[in-house]
Protein chains: 2
Amino acid sequence: MLTLHDNITSGNGYKARLLLALLKTPYKRIEYDVDVGATRTPEYLARVNANGRIPVLQLDDGTCLPESNAILWYLAEGTPYLPADRLARAQALQWMCFEQYSHEPNVATIRYWITHNLEMTPERVAAMPGKRKQGVAALAVMEGHLAKNPWFAGGAFSIADIALYAYTHVAEEGGFDLKPYPALRAWLARIAALPGYIPITKG
Amino acid sequence: MLTLHDNITSGNGYKARLLLALLKTPYKRIEYDVDVGATRTPEYLARVNANGRIPVLQLDDGTCLPESNAILWYLAEGTPYLPADRLARAQALQWMCFEQYSHEPNVATIRYWITHNLEMTPERVAAMPGKRKQGVAALAVMEGHLAKNPWFAGGAFSIADIALYAYTHVAEEGGFDLKPYPALRAWLARIAALPGYIPITKG
(Lines give C-alpha, C1' and ligand atoms only; values in the text may rest on other atoms or scores of the structure.)
Protein backbone atom coordinates (compact mmCIF):
# COMPACT_ATOMS: atom_id res chain seq x y z
CA MET A 1 0.00 0.00 0.00
CA LEU A 2 1.13 3.57 -0.72
CA THR A 3 2.26 5.72 2.21
CA LEU A 4 2.02 9.52 2.18
CA HIS A 5 4.45 11.37 4.44
CA ASP A 6 2.39 14.46 5.08
CA ASN A 7 1.30 17.44 7.16
CA ILE A 8 -2.44 18.04 7.29
CA THR A 9 -2.19 21.83 6.95
CA SER A 10 0.04 21.62 3.86
CA GLY A 11 -1.42 22.52 0.50
CA ASN A 12 1.41 20.55 -1.11
CA GLY A 13 0.31 17.49 0.87
CA TYR A 14 -3.32 18.21 0.01
CA LYS A 15 -2.48 18.00 -3.71
CA ALA A 16 -1.62 14.33 -3.23
CA ARG A 17 -4.54 13.68 -0.83
CA LEU A 18 -7.05 15.22 -3.24
CA LEU A 19 -5.82 13.22 -6.24
CA LEU A 20 -5.68 9.99 -4.20
CA ALA A 21 -9.30 10.64 -3.13
CA LEU A 22 -10.43 11.34 -6.70
CA LEU A 23 -8.68 8.14 -7.85
CA LYS A 24 -10.18 6.21 -4.89
CA THR A 25 -6.67 4.90 -4.17
CA PRO A 26 -6.23 3.65 -0.60
CA TYR A 27 -3.09 4.79 1.23
CA LYS A 28 -1.59 5.14 4.68
CA ARG A 29 -0.86 8.67 5.89
CA ILE A 30 1.94 9.61 8.32
CA GLU A 31 1.59 13.03 9.94
CA TYR A 32 4.67 15.15 10.71
CA ASP A 33 4.74 18.23 12.92
CA VAL A 34 6.68 20.58 10.66
CA ASP A 35 6.70 23.30 13.34
CA VAL A 36 9.07 21.24 15.49
CA GLY A 37 11.31 20.10 12.62
CA ALA A 38 9.95 16.56 12.33
CA THR A 39 11.02 16.47 8.66
CA ARG A 40 14.57 17.61 9.43
CA THR A 41 15.63 14.75 11.71
CA PRO A 42 18.68 12.73 10.62
CA GLU A 43 16.43 9.68 10.15
CA TYR A 44 13.93 11.56 7.96
CA LEU A 45 16.73 13.09 5.86
CA ALA A 46 18.40 9.69 5.40
CA ARG A 47 15.33 7.56 4.80
CA VAL A 48 12.51 9.73 3.43
CA ASN A 49 13.72 12.98 1.83
CA ALA A 50 17.23 14.45 1.89
CA ASN A 51 15.62 17.82 1.16
CA GLY A 52 13.72 17.70 4.49
CA ARG A 53 10.19 18.35 3.24
CA ILE A 54 6.76 16.80 2.98
CA PRO A 55 4.91 15.50 1.03
CA VAL A 56 6.71 12.32 0.07
CA LEU A 57 4.95 9.36 -1.56
CA GLN A 58 6.43 6.06 -0.47
CA LEU A 59 5.78 3.25 -2.94
CA ASP A 60 5.19 -0.45 -2.17
CA ASP A 61 8.88 -1.24 -2.68
CA GLY A 62 9.96 1.50 -0.26
CA THR A 63 11.00 4.04 -2.89
CA CYS A 64 10.37 7.57 -1.61
CA LEU A 65 9.20 10.14 -4.16
CA PRO A 66 9.37 13.77 -2.91
CA GLU A 67 7.93 16.93 -4.52
CA SER A 68 4.17 17.38 -4.65
CA ASN A 69 3.98 17.93 -8.40
CA ALA A 70 6.12 14.87 -9.16
CA ILE A 71 3.77 12.85 -6.93
CA LEU A 72 0.78 14.20 -8.86
CA TRP A 73 2.44 13.29 -12.16
CA TYR A 74 3.30 9.76 -10.99
CA LEU A 75 -0.21 9.07 -9.70
CA ALA A 76 -1.95 10.63 -12.71
CA GLU A 77 -0.08 8.82 -15.51
CA GLY A 78 -2.54 6.67 -17.42
CA THR A 79 -5.58 8.38 -15.86
CA PRO A 80 -7.79 11.20 -17.24
CA TYR A 81 -6.07 13.60 -14.81
CA LEU A 82 -2.94 13.78 -17.01
CA PRO A 83 -3.68 14.89 -20.58
CA ALA A 84 -2.79 12.36 -23.29
CA ASP A 85 -1.77 14.98 -25.84
CA ARG A 86 1.91 15.99 -25.89
CA LEU A 87 1.32 19.75 -25.93
CA ALA A 88 -1.42 19.55 -23.28
CA ARG A 89 0.92 17.55 -21.04
CA ALA A 90 3.59 20.21 -21.43
CA GLN A 91 0.98 22.90 -20.68
CA ALA A 92 -0.09 21.03 -17.54
CA LEU A 93 3.56 21.02 -16.50
CA GLN A 94 3.88 24.71 -17.45
CA TRP A 95 1.17 25.61 -14.94
CA MET A 96 2.61 23.29 -12.31
CA CYS A 97 5.99 25.05 -12.70
CA PHE A 98 4.20 28.41 -12.51
CA GLU A 99 2.61 27.20 -9.29
CA GLN A 100 5.92 26.21 -7.74
CA TYR A 101 7.85 29.30 -8.81
CA SER A 102 5.44 32.24 -9.10
CA HIS A 103 2.50 31.25 -6.86
CA GLU A 104 3.48 28.94 -3.98
CA PRO A 105 6.51 30.92 -2.63
CA ASN A 106 4.22 33.95 -2.31
CA VAL A 107 0.62 32.85 -1.71
CA ALA A 108 1.48 29.72 0.32
CA THR A 109 4.41 31.17 2.23
CA ILE A 110 2.47 34.17 3.59
CA ARG A 111 -0.39 31.83 4.59
CA TYR A 112 2.14 29.59 6.36
CA TRP A 113 3.70 32.45 8.29
CA ILE A 114 0.26 33.62 9.44
CA THR A 115 -1.53 30.33 10.15
CA HIS A 116 1.49 28.75 11.88
CA ASN A 117 2.07 31.96 13.90
CA LEU A 118 5.70 32.21 12.79
CA GLU A 119 7.84 34.98 14.25
CA MET A 120 8.00 37.96 11.90
CA THR A 121 11.80 38.12 11.66
CA PRO A 122 13.45 41.10 9.89
CA GLU A 123 13.96 38.84 6.86
CA ARG A 124 10.22 38.03 6.72
CA VAL A 125 9.20 41.65 7.29
CA ALA A 126 11.44 42.74 4.41
CA ALA A 127 10.16 39.98 2.14
CA MET A 128 6.44 40.47 2.84
CA PRO A 129 5.65 43.39 0.45
CA GLY A 130 7.39 41.66 -2.47
CA LYS A 131 5.68 38.35 -1.75
CA ARG A 132 2.30 40.09 -1.42
CA LYS A 133 2.80 41.87 -4.76
CA GLN A 134 3.99 38.73 -6.55
CA GLY A 135 1.18 36.65 -5.05
CA VAL A 136 -1.39 39.14 -6.35
CA ALA A 137 0.34 39.08 -9.75
CA ALA A 138 0.12 35.26 -9.82
CA LEU A 139 -3.60 35.35 -9.02
CA ALA A 140 -4.09 37.91 -11.82
CA VAL A 141 -2.28 35.63 -14.30
CA MET A 142 -4.61 32.78 -13.26
CA GLU A 143 -7.67 35.04 -13.65
CA GLY A 144 -6.52 36.00 -17.14
CA HIS A 145 -6.29 32.36 -18.16
CA LEU A 146 -9.54 31.30 -16.47
CA ALA A 147 -11.49 34.17 -18.06
CA LYS A 148 -10.92 32.39 -21.37
CA ASN A 149 -10.54 28.71 -20.36
CA PRO A 150 -12.48 26.52 -17.92
CA TRP A 151 -9.38 24.54 -16.89
CA PHE A 152 -5.61 25.02 -17.02
CA ALA A 153 -4.53 22.40 -19.57
CA GLY A 154 -6.03 20.18 -22.26
CA GLY A 155 -9.59 21.52 -21.94
CA ALA A 156 -10.39 19.29 -18.95
CA PHE A 157 -9.77 19.09 -15.21
CA SER A 158 -6.20 17.83 -14.66
CA ILE A 159 -3.38 17.74 -12.14
CA ALA A 160 -2.52 21.31 -13.22
CA ASP A 161 -5.83 22.39 -11.67
CA ILE A 162 -5.13 20.34 -8.52
CA ALA A 163 -1.66 21.89 -8.19
CA LEU A 164 -3.03 25.44 -8.45
CA TYR A 165 -6.17 24.77 -6.42
CA ALA A 166 -4.29 23.64 -3.31
CA TYR A 167 -3.04 27.02 -2.13
CA THR A 168 -5.41 29.26 -4.11
CA HIS A 169 -8.56 28.06 -2.36
CA VAL A 170 -7.02 28.94 1.03
CA ALA A 171 -5.29 32.14 -0.15
CA GLU A 172 -7.62 34.24 2.02
CA GLU A 173 -6.03 32.60 5.09
CA GLY A 174 -2.90 34.47 3.97
CA GLY A 175 -4.77 37.75 3.54
CA PHE A 176 -5.21 37.54 -0.24
CA ASP A 177 -8.59 38.90 -1.33
CA LEU A 178 -10.14 36.72 -4.05
CA LYS A 179 -13.10 39.05 -4.77
CA PRO A 180 -11.34 40.71 -7.76
CA TYR A 181 -11.11 37.36 -9.56
CA PRO A 182 -14.59 36.13 -10.61
CA ALA A 183 -13.37 33.55 -13.14
CA LEU A 184 -10.96 32.16 -10.55
CA ARG A 185 -13.72 31.92 -7.95
CA ALA A 186 -15.97 30.09 -10.42
CA TRP A 187 -13.11 27.66 -11.11
CA LEU A 188 -12.63 27.05 -7.36
CA ALA A 189 -16.37 26.27 -7.10
CA ARG A 190 -16.21 23.86 -10.05
CA ILE A 191 -13.41 21.91 -8.35
CA ALA A 192 -15.15 21.82 -4.96
CA ALA A 193 -18.20 20.33 -6.73
CA LEU A 194 -16.28 17.43 -8.33
CA PRO A 195 -17.49 13.95 -7.30
CA GLY A 196 -15.05 12.57 -4.74
CA TYR A 197 -13.73 16.00 -3.71
CA ILE A 198 -12.32 16.26 -0.18
CA PRO A 199 -11.41 19.43 1.75
CA ILE A 200 -7.83 20.25 2.80
CA THR A 201 -8.66 19.36 6.42
CA LYS A 202 -9.45 15.73 5.53
CA GLY A 203 -6.64 13.35 6.43
CA MET B 1 10.50 26.42 -37.26
CA LEU B 2 10.59 26.71 -33.46
CA THR B 3 11.26 30.13 -31.95
CA LEU B 4 12.87 30.57 -28.53
CA HIS B 5 12.10 33.82 -26.71
CA ASP B 6 15.26 34.09 -24.65
CA ASN B 7 17.93 36.02 -22.81
CA ILE B 8 21.48 34.84 -23.40
CA THR B 9 22.57 35.19 -19.75
CA SER B 10 19.62 33.15 -18.46
CA GLY B 11 20.22 29.65 -17.18
CA ASN B 12 16.53 28.94 -17.72
CA GLY B 13 16.96 29.90 -21.37
CA TYR B 14 20.16 27.86 -21.56
CA LYS B 15 18.24 24.72 -20.52
CA ALA B 16 16.25 24.97 -23.76
CA ARG B 17 19.29 25.97 -25.84
CA LEU B 18 21.36 23.06 -24.55
CA LEU B 19 18.64 20.47 -25.21
CA LEU B 20 17.93 21.91 -28.67
CA ALA B 21 21.68 21.67 -29.43
CA LEU B 22 21.87 18.06 -28.19
CA LEU B 23 18.80 17.20 -30.29
CA LYS B 24 20.28 19.08 -33.29
CA THR B 25 16.92 20.85 -33.64
CA PRO B 26 17.12 24.11 -35.61
CA TYR B 27 15.33 27.12 -34.13
CA LYS B 28 15.16 30.88 -34.28
CA ARG B 29 16.19 32.78 -31.15
CA ILE B 30 14.81 36.18 -30.11
CA GLU B 31 16.86 38.04 -27.50
CA TYR B 32 15.17 40.20 -24.85
CA ASP B 33 16.91 42.72 -22.60
CA VAL B 34 15.39 41.70 -19.25
CA ASP B 35 17.19 44.56 -17.49
CA VAL B 36 14.97 47.12 -19.24
CA GLY B 37 11.73 45.15 -18.85
CA ALA B 38 11.53 43.85 -22.42
CA THR B 39 9.46 40.87 -21.20
CA ARG B 40 6.97 43.07 -19.31
CA THR B 41 5.66 45.14 -22.23
CA PRO B 42 1.90 44.96 -22.90
CA GLU B 43 2.61 43.26 -26.21
CA TYR B 44 4.86 40.59 -24.66
CA LEU B 45 2.35 39.92 -21.87
CA ALA B 46 -0.52 39.63 -24.36
CA ARG B 47 1.20 37.62 -27.08
CA VAL B 48 4.08 35.63 -25.54
CA ASN B 49 3.75 35.09 -21.78
CA ALA B 50 1.22 36.67 -19.40
CA ASN B 51 3.69 35.90 -16.60
CA GLY B 52 6.31 38.23 -18.17
CA ARG B 53 9.27 35.87 -18.28
CA ILE B 54 11.64 34.14 -20.66
CA PRO B 55 12.22 31.46 -21.89
CA VAL B 56 9.15 30.78 -24.00
CA LEU B 57 9.13 28.21 -26.79
CA GLN B 58 6.93 29.26 -29.69
CA LEU B 59 5.73 26.34 -31.80
CA ASP B 60 5.09 26.29 -35.56
CA ASP B 61 1.40 27.09 -35.06
CA GLY B 62 2.19 30.11 -32.87
CA THR B 63 1.43 28.43 -29.54
CA CYS B 64 3.67 29.90 -26.83
CA LEU B 65 4.91 27.50 -24.13
CA PRO B 66 6.47 29.25 -21.09
CA GLU B 67 8.42 27.68 -18.20
CA SER B 68 11.86 26.24 -18.85
CA ASN B 69 11.13 22.82 -17.41
CA ALA B 70 7.88 22.47 -19.38
CA ILE B 71 9.85 23.35 -22.51
CA LEU B 72 12.42 20.66 -21.65
CA TRP B 73 9.65 18.11 -21.12
CA TYR B 74 7.93 19.00 -24.40
CA LEU B 75 11.15 18.78 -26.42
CA ALA B 76 12.36 15.59 -24.71
CA GLU B 77 9.23 13.47 -25.09
CA GLY B 78 10.01 10.47 -27.26
CA THR B 79 13.78 11.03 -27.01
CA PRO B 80 16.36 9.38 -24.72
CA TYR B 81 16.46 12.58 -22.65
CA LEU B 82 13.13 11.76 -20.98
CA PRO B 83 13.11 8.36 -19.21
CA ALA B 84 10.59 5.85 -20.56
CA ASP B 85 9.91 4.26 -17.16
CA ARG B 86 7.03 5.73 -15.15
CA LEU B 87 8.94 6.02 -11.87
CA ALA B 88 12.06 7.41 -13.56
CA ARG B 89 9.92 10.04 -15.31
CA ALA B 90 8.45 11.06 -11.95
CA GLN B 91 11.95 11.17 -10.47
CA ALA B 92 13.13 13.38 -13.34
CA LEU B 93 10.23 15.69 -12.54
CA GLN B 94 11.06 15.46 -8.81
CA TRP B 95 14.51 16.90 -9.45
CA MET B 96 13.16 19.52 -11.86
CA CYS B 97 10.73 20.67 -9.14
CA PHE B 98 13.60 20.66 -6.63
CA GLU B 99 15.51 22.85 -9.07
CA GLN B 100 12.69 25.36 -9.42
CA TYR B 101 11.81 25.54 -5.73
CA SER B 102 14.94 24.82 -3.67
CA HIS B 103 17.81 25.64 -6.04
CA GLU B 104 16.96 28.31 -8.63
CA PRO B 105 15.42 30.95 -6.28
CA ASN B 106 18.66 30.84 -4.27
CA VAL B 107 21.59 29.89 -6.51
CA ALA B 108 20.30 31.62 -9.66
CA THR B 109 18.81 34.66 -7.97
CA ILE B 110 22.03 35.64 -6.16
CA ARG B 111 23.98 35.17 -9.42
CA TYR B 112 21.45 37.38 -11.20
CA TRP B 113 21.72 40.16 -8.62
CA ILE B 114 25.51 40.09 -8.89
CA THR B 115 26.07 39.61 -12.61
CA HIS B 116 23.35 42.08 -13.63
CA ASN B 117 24.62 44.64 -11.05
CA LEU B 118 21.19 45.00 -9.45
CA GLU B 119 20.76 47.53 -6.67
CA MET B 120 21.03 45.89 -3.26
CA THR B 121 17.68 47.08 -1.92
CA PRO B 122 16.82 46.53 1.77
CA GLU B 123 14.63 43.59 0.67
CA ARG B 124 17.57 41.96 -1.15
CA VAL B 125 20.00 42.64 1.71
CA ALA B 126 17.56 40.99 4.15
CA ALA B 127 16.99 38.02 1.84
CA MET B 128 20.66 37.36 1.01
CA PRO B 129 21.72 35.30 4.08
CA GLY B 130 18.70 33.00 3.80
CA LYS B 131 19.18 32.56 0.06
CA ARG B 132 22.88 31.85 0.55
CA LYS B 133 22.12 29.23 3.22
CA GLN B 134 19.38 27.56 1.19
CA GLY B 135 21.52 27.60 -1.95
CA VAL B 136 24.33 25.82 -0.10
CA ALA B 137 21.77 23.33 1.26
CA ALA B 138 20.53 22.62 -2.28
CA LEU B 139 24.08 22.00 -3.51
CA ALA B 140 24.62 19.61 -0.58
CA VAL B 141 21.45 17.67 -1.47
CA MET B 142 22.75 17.35 -5.05
CA GLU B 143 26.17 16.19 -3.78
CA GLY B 144 24.48 13.54 -1.62
CA HIS B 145 22.62 12.17 -4.63
CA LEU B 146 25.58 12.36 -7.01
CA ALA B 147 27.89 10.60 -4.54
CA LYS B 148 25.74 7.51 -5.14
CA ASN B 149 24.35 8.04 -8.66
CA PRO B 150 25.99 9.24 -11.88
CA TRP B 151 22.80 11.05 -13.06
CA PHE B 152 19.64 12.39 -11.45
CA ALA B 153 16.96 10.07 -12.87
CA GLY B 154 16.66 6.74 -14.62
CA GLY B 155 20.37 5.90 -14.55
CA ALA B 156 21.13 8.03 -17.61
CA PHE B 157 21.63 11.65 -18.60
CA SER B 158 18.19 13.29 -18.86
CA ILE B 159 16.42 16.64 -18.77
CA ALA B 160 16.66 16.49 -14.96
CA ASP B 161 20.43 16.84 -15.37
CA ILE B 162 20.01 19.69 -17.87
CA ALA B 163 17.63 21.51 -15.50
CA LEU B 164 20.06 21.27 -12.59
CA TYR B 165 23.18 21.87 -14.68
CA ALA B 166 22.03 25.25 -15.99
CA TYR B 167 22.54 27.29 -12.82
CA THR B 168 24.87 24.93 -10.95
CA HIS B 169 27.72 25.20 -13.44
CA VAL B 170 27.69 29.00 -13.08
CA ALA B 171 27.00 29.03 -9.32
CA GLU B 172 30.46 30.46 -8.67
CA GLU B 173 29.37 33.63 -10.52
CA GLY B 174 26.99 34.04 -7.58
CA GLY B 175 29.72 33.43 -5.02
CA PHE B 176 28.91 29.78 -4.33
CA ASP B 177 32.06 27.72 -3.80
CA LEU B 178 31.80 24.32 -5.54
CA LYS B 179 35.05 22.90 -4.07
CA PRO B 180 33.25 21.05 -1.24
CA TYR B 181 31.25 19.00 -3.77
CA PRO B 182 33.55 16.58 -5.65
CA ALA B 183 30.77 14.33 -6.98
CA LEU B 184 28.91 17.39 -8.21
CA ARG B 185 32.02 18.72 -9.96
CA ALA B 186 32.59 15.36 -11.65
CA TRP B 187 28.95 15.42 -12.84
CA LEU B 188 29.44 18.95 -14.24
CA ALA B 189 32.51 17.69 -16.14
CA ARG B 190 30.59 14.68 -17.53
CA ILE B 191 27.91 16.99 -18.93
CA ALA B 192 30.41 19.45 -20.43
CA ALA B 193 32.01 16.47 -22.24
CA LEU B 194 28.78 15.31 -23.90
CA PRO B 195 28.86 15.30 -27.72
CA GLY B 196 26.97 18.34 -28.96
CA TYR B 197 27.38 20.27 -25.69
CA ILE B 198 27.27 24.06 -25.97
CA PRO B 199 28.24 26.65 -23.32
CA ILE B 200 25.71 29.05 -21.77
CA THR B 201 27.19 31.92 -23.79
CA LYS B 202 26.28 30.30 -27.13
CA GLY B 203 23.16 31.84 -28.71
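1. B:L2 has B:Y27 of β2(B) as its bridge partner. The model is a predicted one, in which local features need pLDDT of at least 70, side-chain atom pairs count only at pLDDT 80 or more, and totals for chains, interfaces and linings use all residues. Residues are numbered from 1 along each chain as its sequence is written, and chains are lettered from A and ligands numbered from 1 in the order in which they are written.

2. The strands β1 (residues 2-6) and β2 (residues 27-31) of chain B run parallel and are joined by 5 bridges. Strands are taken as paired if DSSP finds at least two bridges between them. Helices (H or I, at least four residues) and strands (E, at least two) are DSSP runs, numbered from the N terminus.

3. With helix α1 (residues 11-22) of chain B, β1(B) and β2(B) make a right-handed β-α-β unit. Right-handed here means that, with the strands pointing away from the viewer, the path from the first strand over the helix to the second runs clockwise.

4. β1(B) also pairs with strand β3 (residues 56-58) of chain B, antiparallel, through 3 bridges.

5. α4(B) has a kink of about 60° at B:H103, shortly before the proline B:P105. The bend is the angle between axes fitted to the seven residues ending at a residue and the seven starting there. Of the 30 residues of α4(B), 21 are buried, that is, with 20 or more other C-beta atoms within 10 Å of their own, the C-beta atoms being placed from the backbone. Just after this helix, B:N117 takes a positive phi of about 55°.

6. Chain B puts 30 residues in contact with 30 residues of chain A, contact meaning that C-beta atoms, placed from the backbone, lie within 7 Å. On the chain B side, β4 (64-66), α3 (68-76), α4 (86-115) and α5 (122-146) each give two or more residues. α4(B) has the largest share, 12 residues.

7. Chain A is assigned domain 1 (2-76) and domain 2 (86-192), with bounds from an automatic or database domain assignment. Their C-alpha centres lie 21 Å apart. The contact between them takes 12 residues from domain 1 of chain A and 11 residues from domain 2 of chain A. On the domain 1 side, α1 (11-22) and α3 (68-76) of chain A each give two or more residues, and the largest share, 6 residues, is from α1(A).

Methods:
Contact = placed C-beta atoms within 7 Å. Buried ≥ 20, exposed ≤ 12 C-beta atoms within 10 Å, placed from the backbone.
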